[in-house]
Amino acid sequence: MVLGAAIPLIFLCLFFAWPATTLVLRGFTAPDGSWDLSAFSEVFARARTWRIIGLTLAMAVSATAISVILGVPGAYALYRCRFPGRMAARAVIAVPFVLPTVVVGVAFRSLLAPGGWLDFLNLDGTVTAVVAAMVFFNYSLVVRNVGTMWARLDPRQTEAARSLGATRSRAFWTVTLPALAPAIASAASIVFLFCATAFGIVLILGGVNLQTIESEIYTLTTQFLDLRGAAVLSIVQLLVIALALWTAGQARRRSERTLHLRPDPVSHRPTRADIPVLAMSAVVVLGLIVMPVAQLVWRSLHRRGEFTFDNYRDLADAGATRAVRVSALQAVGTSVQVALLAAGIALVIGVLVALLVTRRPATRGGRRALAFLDAAFMLPLGVSAVTVGFGFLITLNRPPLDLRSSFWLVPIAQAVVAVPLVVRMISPVLRAIDPRQREAAASLGAPPWRVLATIDGAHLVRAGAVAAGFALAVSLGEFGATAFLARPESPTLPVVIYRLISRPEAVDQGMAMAASVLLASLAATIMVIVERGRPASAGALT
């Protein structure tokens with residue numbers, strides 16, 4: 001037990017607490033190490049800072065509101081109505097959420113830029129384009145989380161309201177919506193979190209004209225070497241994200257306390273009254289989700305207006321572009337290697353943490369200790385990957401832990417981001433185990449390690465494989481931390497895509513589209529396999 005707790009705690013302290021603390025302190029100290037708050041006054045005295053903070057919050061709030069407005073009807077259509085092709089429709093809307101953010105940015109860039117199907121709207125590089133991409137990415141999260149709860153709401157309450165004379169709309173606003181409010185609030189909080197940290201989307205679609213807190217941190221660090229200013233903005237971002245996570249946690253706990261859900265989902269065949277909702281959802285799915293992906297594939301097969309496979313052939317040619325030093329296929333190999341290492345690290349640490357936090361100690365002190373450990377390992381979920389990468393940059397660059405030239409730097413950073421995901425996927429599975437099984441095994445003389453192997457191990461095999469798959473997909477498309485840490489001679493595929501899409505030449509643009517399709521296909525394939533093997537009791541993001 002002690003060793004099982006020591007390993008993940010050492011990992012958390014070395015690769016999260018230390019970099020995060022150093023980063024925060026950088027905003028409070030002068031270069032000579034003395035306390036100095038002048039960086040705050042300097043950063044907040046700039047009109048640009050307030051404009052960036054305001055734009056970040058405005059885009060995140062707008063995208064969250066639109067995602068909820070469009071997602072709630074979608075949740076009803078796909079989880080409360082039963083019609084042919086419903087499962088296929090659910091699979092389609094799940095695609096955006098598994099796509100790396102850099103791919104989402106490229107997809108919308110291909111749709112809105114000159115030559116795209118919607119270039120006549122003149123939205124390329126605008127706030128509208130960024131918000132639309134954020135909604136594309138998060139629509140499925142609202143539909144899935146709200147729809148899952150909606151499908152299990154007891155319909156008798158709504159039926160009782162209708163029998164008392166309430167109209168269909170009045171029953172929804174007075175009975176159904178209040179019951180769904182915790183799920184909607186929880187999903188909205190997580191959507192806001194993702195929108196406020198949509199680094200790849202903003203960097204690709206906004207360019208130099210639109211800057212959010214994350215992209216400004218990246219700019220201050222890589223272009224101006226203003227580490228203190230970047231640290232101040234990182235602290236601001238930490239506060240925003242912490243508020244979003246706290247709101248999501250409160251909503252989730254409220255949902256667990258107040259709702260009594262049916263064990264089996266409830267659905268019905270669509271009626272005439274459901275036609276407007278179904279039609280609206282179909283338009284959203286086709287226009288918001290299918291069109292950008294279809295445009296991305298279409299553009300990847302064209303160069304200078306002609307159909308060609310050259311964009312895909314050039315992915316194997318290191319000399320096809322001067323944007324990067326290696327071929328895109330070499331970057332694929334690097335991405336897969338890094339993602340496998342990151343997923344392996346995250347799985348080991350995550351399983352140890354899950355085994356610990358799902359124990360049931362008899363003492364109050366033991367329960368509090370495990371609750372603290374559980375909360376501690378959820379902290380990386382509330383810290384942007386850009387902040388993680390920045391923290392690594394300023395801490396792991398000198399003895400006693402100098403990893404500047406180490407290949408392990410990027411896998412470790414990606415593992416830090418993936419560990420909370422692994423814990424949240426495995427913990428519910430272990431909590432669902434009847435404790436009497438462990439007690440029976442122990443009463444028959446089985447030592448603790450044997451109980452762990454035979455009782456918990458049987459459940460861990462499948463849940464661990466699913467969690468590893470999720471971690472692999474997340475690491476494969478991770479861009480925020482990797483943008484800081486990847487070396488020029490060994491970039492990952494998301495980094496290559498960003499460098500290609502940043503250049504105006506037709507060859508680079510076409511290769512960026514083809515590389516994005518390749519990365520999206522890899523991530524989607526992994527997630528399809530994961531979803532097929534996912535246990536019913538596995539955890540969810542919200």
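The structure is a predicted model, in which local features need pLDDT of at least 70 and side-chain atom pairs count only at pLDDT 80 or more, while totals for chains, interfaces and linings use all residues. Residues are numbered from 1 along each chain as its sequence is written, and side-chain values use heavy atoms, with hydrogens and water left out.

On a 1 Å grid over the protein atoms alone, a cavity is a set of points where a 1.4 Å probe fits but cannot get out. Lining residues have an atom within 4 Å of a point. Grid points are joined across faces, edges and corners, and the volume is the space filled by probe spheres set on the points. The structure holds four cavities of 30 Å³ or more.

The largest cavity has a volume of about 90 Å³. Its lining includes Thr 334, Val 338, Arg 404, Phe 407 and Arg 487. Helix H14 (328-357) and helix H17 (409-431) are the elements that give two or more residues to this lining; helices (H or I, at least four residues) and strands (E, at least two) are DSSP runs, numbered from the N terminus. By class, the lining of the largest cavity has six nonpolar, four polar and two charged residues. Here Ala, Val, Leu, Ile, Met, Phe, Trp, Tyr, Cys and Pro count as nonpolar, Asp, Glu, Lys and Arg as charged, and the others, Gly among them, as polar.

The second largest cavity has a volume of about 40 Å³. Among its lining residues are Phe 15, Phe 16, Pro 19, Val 383 and Phe 392. Two or more residues come from each of helix H1 (2-26) and helix H16 (385-395). This lining has seven nonpolar, two polar and no charged residues.

I turn now to open space. A pocket is an open set of points with protein on both sides within 12 Å along at least five of seven lines. The second largest pocket holds about 840 Å³ of space. Of the 30 residues that line this pocket, Tyr 76, Trp 150, Thr 158, Phe 172 and Thr 176 are the closest to its centre. Helix H3 (47-79), helix H7 (156-163) and helix H8 (168-196) each supply at least two lining residues, and the largest share, eight residues, comes from H8. The pocket lining divides into 15 nonpolar, nine polar and six charged residues.

The last topic is salt bridges, each a side-chain nitrogen of Lys or Arg within 4 Å of a carboxyl oxygen of Asp or Glu. The structure holds 10 of them.

Arg 228 and Asp 36 meet at 3.7 Å, N to O. Arg 228 lies in helix H11 (residues 227-258) and Asp 36 in the loop between H1 and helix H2 (38-44), so this pair ties together parts that are 192 residues apart in sequence. Arg 228 is buried, at 17% relative accessible area, whereas Asp 36 is partly exposed, at 23%. Buried means under 20%, exposed over 50%, and partly exposed in between (1.4 Å probe, protein chains only).

A salt bridge also joins Arg 303 to Asp 314, at 2.8 Å, N to O. Both residues are buried.

Asp 310 and Arg 313 form a further salt bridge, at 2.7 Å, N to O. They lie three residues apart in helix H13, about one turn of the helix. Asp 310 is partly exposed, at 31%, and Arg 313 is exposed, at 53%.

Finally, a network of salt bridges links Arg 503, Glu 505 and Asp 508.
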